[in-house]
Amino acid sequence: MIELKTCNQCQRDLPLDQFYKRKASKDGHTAACRDCQSQRGKQAYARNREQRLAQAAAYRAGRRDYYRDYCRDYMRERMAEHGKATLAAYHGDARTKLDMTARTVLAQMLRGQIQSSGYFDFTSSQLQRHVEAQFQDGMSWANRKAWAVGPIRPAREFEYQDKQDIGFRKCWRLANIGVRYA
Ligand SMILES: [Zn+2]
């Protein structure tokens, strides 16, 4: 007669060899059968695994948020600094701004977009004739991008802060406007 034991989980009556050995128990076997024990082990493992995966995901999400915020703040700071520097370069130096404008107006007059300006005492037509007379080998209106127009004696050698200053008028007079290959 085989000795049977009732599993405390599935309530089946099973032979003792269907239970794991456990010395601490009165009959030397676990209260739950092998099937139930391994089932419980699997469940515990699955629960544990889910917990660990959730923890890892939460950690990664935290890192991701931290990194995203870090990048956003960094970019905001950089943009703010860049904006300040650009504005300072434009507004801070009146002379640089004036020279930039003078070159822009000169180019517009050369293209005939404007006939005259408050900057120079020559007209667009006078400028075009003056420039054309200085064309070197190969220069023509067709290859406008190949050459550049500007002060022959460089602007930096003249002293002025305003377009009314005598230095400005000397620098940007027609006789000082030259043509060279770019
Ligand atoms: Zn069982």
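Ala46 is located in helix α1 (residues 34–92), where helices (H or I, at least four residues) and strands (E, at least two) are DSSP runs numbered from the N terminus. The structure is a predicted model, in which local features need pLDDT of at least 70 and side-chain atom pairs count only at pLDDT 80 or more, whereas totals for chains, interfaces and linings use all residues. Residues are numbered from 1 along each chain as its sequence is written. Ala46 counts as exposed because it has 10 C-beta neighbours inside 10 Å; a residue is exposed if 12 or fewer other C-beta atoms, placed from the backbone, lie within 10 Å of its own, buried if there are 20 or more, and partly exposed in between.

The domain assignment gives domain 1 (9–92) and domain 2 (94–181), with bounds that come from an automatic or database assignment. The C-alpha centres of domain 1 and domain 2 are 71 Å apart. Ala46 and Ala94, 48 residues apart in sequence, are separated by 72 Å from C-alpha to C-alpha.

Helix α2 (residues 94–110) has 17 residues and should span 24 Å at 1.5 Å a residue, which agrees with the 24 Å between its end C-alpha atoms; the expected span is 1.5 Å times one less than the number of residues. Asp99, Ala102, Leu106 and Met109 are the buried residues of α2. Seen down the axis of α2, these buried residues fall within an arc of 90°, so they line one face of the helix, the arc being that of the directions from the helix axis to the C-beta atoms. The face turned away from the buried side of α2 carries the exposed residues Thr96, Met100 and Thr104. The cover over the buried residues of α2 includes α3 (124–133) and β3 (147–151). After α2 comes Gly112, with a positive phi near 80°.

The largest nonpolar core has 10 residues, among them Ala102, Leu106, Met109, Phe168, Cys171 and Trp172; such a core is a set of buried Ala, Val, Leu, Ile, Met, Phe, Trp, Tyr and Cys residues joined through C-beta atoms within 7 Å. At least two residues of this core are supplied by each of α2, α3 and α4 (166–171), and the largest share, three residues, comes from α2. Not counting residues up to four places away in sequence, Cys171 touches Pro151, Ala155, Phe158, Tyr160 and Asn176, contact requiring C-beta atoms, placed from the backbone, within 7 Å.

Conventions. Two residues are in contact if their C-beta atoms, placed from the backbone, lie within 7 Å.
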